[in-house]
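Morning, everyone. I have one structure to walk through today.

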Amino acid sequence: MRLGIVGNPDNRRVAMFSAAVARAGLPAPRVYPWREVLLAGRVPGPGTTVRIDSPGEDAEVDRLLRELGGGRAAAAAEHGEIVGMAAAHAGLRRALDRVAAGGGDLLSQGADILTMSDKPRCHALLAAAGLPVPPALEPVHGYEQLRTAMRAAGWGRVFVKPAHGSSASGVLAVAVSGPRITATTSVELAADGRIFNNLRVRRYEDEAPIAAIVDRLGPDGLHIERWYPKAGLGNRVLDLRVVVIAGEPGHVVVRTSRSPMTNLHLGNARGDLAAVRARAGAPAWEAAMQTCVRVARCFPHTLHVGVDLMFRAGWRDHAVAEVNAFGDLLPGVLAEGLDTYGAQVAALADGRYPRWADAHA
Amino acid sequence: MTINDHLTTFAGLPVLDWDHEESPPDPAAVAWRLEVEDFEADETELREKFESLLERTGAAGPTALIIGEWGGAYEQAFPTDLLVRNGARLSGLRALFIGEMVGEQCEISWIHQGDITPVLEAFPALEHLSVRGAEGLELSPMRHEGLRELVLESGGLPAAVVRAVGASDLPRLTRLELWLGVDQYGGDARADDLAPILAGRSLPALTRLGLRNAEIADEVAAAVAAAPVVARLTELDLSMGVLGDTGAEALLAGQPLTHLKTLDLSHHFMTPELAQRLVDELPGVFVDVSDRQEEREWGRYTAVAE
């Protein structure tokens with residue numbers, strides 16, 4: 001088996017997958033940098049088994065994706081700046097087409113990656129498959145439209161998510177009652193109207209900045225979900241990241257926060273998995289894991305999916321918050337002695353992945 | 001910070017959901033938790049669940065009852081008439097918690113409450129009342145001979161409620177806990193509003209006093225330092241607020257506190273030196289000065305506000 005990785009070579013994801021391949025005694029995978037995919041069209045060819053990794057955390061790759069998708073010159077974003085998410089998604093679509101055209105055997109299908117990084121589409125797919133998701137409204141494109149849609153639905157509390165955002169980027173938890181409004185978010189509104197992801201979750205209690213942020217995010221599309229009240233433990237709100245590899249939900253982390261944003265990378269802490277399992281109880285835990293497996297079955301020709309799973313406050317049920325195409329970066333989390341990368345290499349090497357994919361296609 | 005955990009015990013009893021599959025051997029020996037799942041559910045749903053619960057608890061109803069989300073808590077008060085009109089079916093009720101919600105369900109400063117006086121009037125045998133959230137909360141001065149514990153948790157407790165507590169006659173009350181909160185969320189009480197409580201005349205049995213989560217913590221400490229009621233207390237709790245060196249110095253300069261069992265000052269902004277002096281000068285008292293806060297550019301925050 002000849003392996004290749006499309007990724008950002010400096011990113012630790014690439015190093016960790018390569019290390020897992022080396023541990024399995026397989027030849028080192030060849031790396032196809034996103035930058036070269038985008039600039040020179042260099043992609044893996046037939047006979048290569050291809051892992052497609054995140055194009056994120058590289059400012060130049062982000063700029064190139066926005067340029068490709070937007071069809072015009074794009075400036076580099078400042079650190080943390082939220083800009084051009086729809087263009088970047090369109091660029092990713094074209095870049096993935098290039099990768100597919102190369103003829104390699106893809107371990108994540110381009111169509112699946114695109115669905116997972118399109119929140120309204122992913123939500124619709126999961127809902128159609130009968131999976132538990134919070135109810136959602138039609139996408140909106142601005143603040144007035146958001147408020148009108150909330151009124152029409154009779155919803156006072158929602159999560160506003162950029163249609164093409166990753167993790168917590170640009171997400172606002174909004175509550176409205178009469179004249180009162182509050183938004184909890186990691187978005188910082190700069191004086192010049194630009195918006196940035198900030199490590200500190202903040203609260204806005206005036207309508208003007210909330211409207212400004214939503215209007216800034218709006219043109220790229222906003223997915224609106226009803227606020228699903230998440231369970232807590234140890235006085236922190238929690239959800240799970242469950243990485244399902246070839247149908248096996250072996251790698252789980254508990255993400256906890258003092259704010260509604262459990263999926264921020266910084267400022268939040270990993271929680272106690274055993275305590276959460278105990279609190280949920282065996283039947284509820286098993287049902288939650290089954291949901292994650294069913295999510296993975298929606299993407300049968302993709303080796304891994306990262307499911308963000310919420311338990312409801314009171315632990316009566318659960319729902320899927322997101323599905324992540326590049327959600328397998330869980331350093332130090334082992335299942336049967338293997339990290340997420342090792343488990344993927346093993347599922348390829350011992351034939352479990354092709355068998356699972358064939359069974360659910 | 002927000003409250004993110006539900007209670008697992010209340011009034012000394014383990015908490016059980018109203019629809020828990022297994023019935024306990026003695027339905028009077030648990031604290032029943034009644035709540036609707038959908039935070040926008042309409043009132044009939046709560047009433048239906050209340051009826052189901054009463055079928056499980058027998059003729060006297062629950063001993064201890066926790067009410068979580070009642071449907072639309074972020075914009076309308078708990079319908080107290082549900083309890084008041086069913087007083088005869090709740091003759092066993094001794095402990096009641098209205099609004100035990102976590103921040104994910106409804107943040108404390110958003111929880112609407114109404115006038116809780118009718119509940120106290122309808123249940124003269126009630127021994128413990130806890131209320132979370134104070135948006136719209138009202139209380140009229142009253143006499144209640146059964147109440148032993150009263151806890152009002154809030155991100156901002158209206159001064160009128162504080163004054164009503166002080167003007168009430170609560171001869172058996174041993175524990176009073178008020179989360180005063182911040183002005184931004186309606187916590188407009190000042191030390192003067194606390195004066196009748198601190199005088200203690202209408203609270204002859206009081207031994208545990210908590211004036212917590214206060215933006216006016218320094219002012220509260222100064223008032224407490226000279227308050228007659230303190231001599232009878234075993235526990236004094238000024239935690240969760242923004243207590244700083246000013247308040248600490250007032251406590252050090254005030255009346256003796258060596259008779260206390262515990263003095264809880266956790267979540268504070270005192271310098272380590274002042275905090276240590278309080279510990280050193282009160283040997284034999286458990287002085288909790290943990291969870292020291294650093295002042296940030298946006299000021300001092302109470303532990304629970306929004």
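This is a predicted model: local features need pLDDT of at least 70, side-chain atom pairs count only at pLDDT 80 or more; totals for chains, interfaces and linings use all residues.

**A walk through chains A and B**

Now widen the view. Strand β3 of chain A covers residues 48-52, and two bridges connect it to β4(A). The two strands run parallel. In general, strands of a sheet pair through backbone hydrogen bonds, either parallel or antiparallel.

What is the strand order in the sheet of four? In chain A it reads β2-β1-β3-β4. The sheet is open, and the pairing is parallel. Which strands stand at the edges? In chain A they are β2, residues 30-33, and β4, residues 105-106. Each has a single partner strand, so one side of each lacks a neighbour in the sheet.

Next, the domains. Chain A splits into three: domain 1 spans 2-106, domain 2 spans 136-226, and domain 3 spans 230-360.

Look at domains 2 and 3 of chain A. Their centres, taken over C-alpha atoms, are 27 Å apart. How many residues are in contact there? Eight from domain 2 of chain A meet seven from domain 3 of chain A. On the domain 2 side, two elements of chain A give two or more residues: β8 (180-189) and β9 (195-204).

Now the contact between the chains. Chain A puts in 20 residues, and chain B puts in 15. Which elements of chain A supply at least two residues each? They are β7 (172-177), β11 (232-233) and β12 (236-245). By class, the chain A side that touches chain B has seven nonpolar, seven polar and six charged residues. So much for the chain A side.

Let's finish on chain B. Chain B holds eight helices and twelve strands. Its C-alpha atoms fill a box of roughly 55 × 40 × 35 Å along the principal axes. Is chain B compact or extended, going by its radius of gyration? A compact globule of 306 residues would come out near 19 Å; chain B has 20 Å, which agrees.

Two more values for chain B. Of its 306 residues, 49% count as buried. Then take the contacts with a separation of 6 or more: 74% of them are between residues 24 or more positions apart.

That's the tour. Over to you for discussion.

Note on methods
Residues are numbered from 1 along each chain as its sequence is written. Chains are lettered from A and ligands numbered from 1 in the order in which they are written. Two strands pair if DSSP finds at least two bridges between them. Domain bounds come from an automatic or database domain assignment. Ala, Val, Leu, Ile, Met, Phe, Trp, Tyr, Cys and Pro count as nonpolar, Asp, Glu, Lys and Arg as charged, and the others, Gly among them, as polar. The radius of gyration is taken over C-alpha atoms; the globule rule is 2.2 Å times the number of residues to the power 0.38. A residue is buried if 20 or more other C-beta atoms lie within 10 Å of its own, exposed if 12 or fewer, and partly exposed in between; C-beta atoms are placed from the backbone.
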